[in-house]
Amino acid sequence: PTMVGELGGLDHYSWVVTAYLICVTVGTPLYGKISDVYGRRIVFQTAIAIFLAGSLAAGLSQNMLQLILFRGLQGIGGGGLITMSFAIVADIVSPRERGRYTGYLGAVFAFSSIVGPLLGGFIVDHFSWRWVFLVNLPVGAVALTVTSIVLRMPVAVRRRHRIDVEGAALLVSGVTCLLLMLVWGGSEYRWGSPTILGLGAAGVVLTAAFVAWEARTPEPLLSLRLFRNPIFTLGSMLGFIVGCTMFSAIVFLPLFLQVATGASATRSGLLLLPFMLGFMATSITVGNIVSYTGRYKIWPIVGMVLAATGLYLFSGMHAGTTRVESSLFMVVFGMGIGMLLHLLVLVVQNAVDHRELGVATSATAFFRSMGGSFGVAVYGAIFNARLFAELPRLVPPDALAAVSGDATRLLNSPAQLRLLPPPVLAGIVEAVVRGTQSIFLWAMLPVALGFGLAWFLKEIPLHDTVPVSAAVEGAVEGSPL
């Protein structure tokens, strides 16, 4: 809202997030392949530099169009940050020790998810919204300096390679169409509108063309051979389910807590703190246990059980649910997701050839991101359908017309919602409660599927050494051969 107040363009406000989301998702698989060819270090630094360039430009934006375009540039860089972090750890740490490190990275992810919104709110309140972006510059400068001085990576044996430009174009186009369909469907356009149907058809056709191209090109962007590996295939499917499930909570729990229990919107960054604490606890603990034992199969199974339990508890929440109860439910759910999110990356990395480590790592992130996008769109449609079905039953008839037209705006402003007459407020709150209950019940279905799939995840004991067959012994990126 602060940005819109200065730049205008309220109608395009959602694109500040959408542009970043699309560019992160479509950029993720590209980094894996490119880093397999040119090395992790230089690609990681390039991603940092692109992210910083996008941050600087976004912070200097003079209108909403510029902000949206530069957020897209940020996303192109952001697509490589997490992916390359995990790929670099995989290059320098043995699979047996890698569990500990992925647990630490997971904890950083959870901690940052808490601190980020709080820091952003503080910056906007006390300085300028532009510093939400510009604050990345000194942090990024430190990252570039440290990676230049400290990070030394094994150099892969150099062979002549061809970057699959055609495959990249087909993938980017297909995924962009599908993401736009999911983002716009039910909000900007009706689900059955020609625009949404056209985007869906184009996405399916382009994705099918991508698969056909990858099957016959000599050096594919995403080798279909990876899908012959059952661990990679199951890991990707589980990652999609985890992304879909996690975002159902991250997006709709704050809405429930703000509308149904009256939590302050200005402190919404703290609402998911119990979820993140549960996430951090199991991410670190399970990571260390996996490193100590070298075994991992039990944890995806237990994680799915805890995630399903958390969703079931969420589905029973109502306006009278206390903050302590909802916090305990979030801890259970967070513990389940913490056992799954980054452990699946390790499982996939341990099962593929070192030469395809970057592609496999980025593929898992790609499917997880697609799962999140798909989940938010589908659960959003479920919520809206249930909300507008319940409003006529719960809101007095004389107030229904005004509420139906402004329901979305009111839900985005809990403070205004509380100014409504008590009977109208009670009806809207109950409609929101029933809508979120439906979301969490439906979200249990993919988790149940994930529980079944996890039993088929073959366990390969984690190796104690770092593969060196594809590296020049003693050679590292950043130092002469």
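**Helix packing and a salt bridge**

Reader: Are helix 4 and helix 15 roughly parallel or oblique to each other?

Author: In this predicted model, local features need pLDDT of at least 70, side-chain atom pairs need 80 or more, and totals for chains, interfaces and linings use all residues. The axes of helix 4 (residues 64-92) and helix 15 cross at roughly 140°, where angles under 35 degrees count as roughly parallel, over 145 as roughly antiparallel, 65 to 115 as roughly perpendicular and the rest as oblique. The orientation of helix 4 and helix 15 is therefore oblique.

Reader: How many Å separate the axes of helix 4 and helix 15 where they come together?

Author: Each helix is a DSSP run (H or I, at least four residues), and its axis is a line fitted to C-alpha atoms over the stretch in contact, with angles from 0 to 180 degrees between N-to-C directions. The axes of helix 4 and helix 15 come within 9 Å.

Reader: What is the orientation of helix 10 relative to helix 18?

Author: Helix 10 spans residues 230-260 and helix 18 spans residues 422-454. Their axes lie 10 Å apart, and the two helices pack at an angle of about 165°. Helix 10 and helix 18 are therefore roughly antiparallel.

Reader: How many salt bridges does the whole structure hold?

Author: Residues are numbered from 1 along each chain as its sequence is written, and side-chain values use heavy atoms, without hydrogens or water. The search looks for a side-chain nitrogen of Lys or Arg within 4 Å of a carboxyl oxygen of Asp or Glu. Across the whole structure, the number of salt bridges found is 6.
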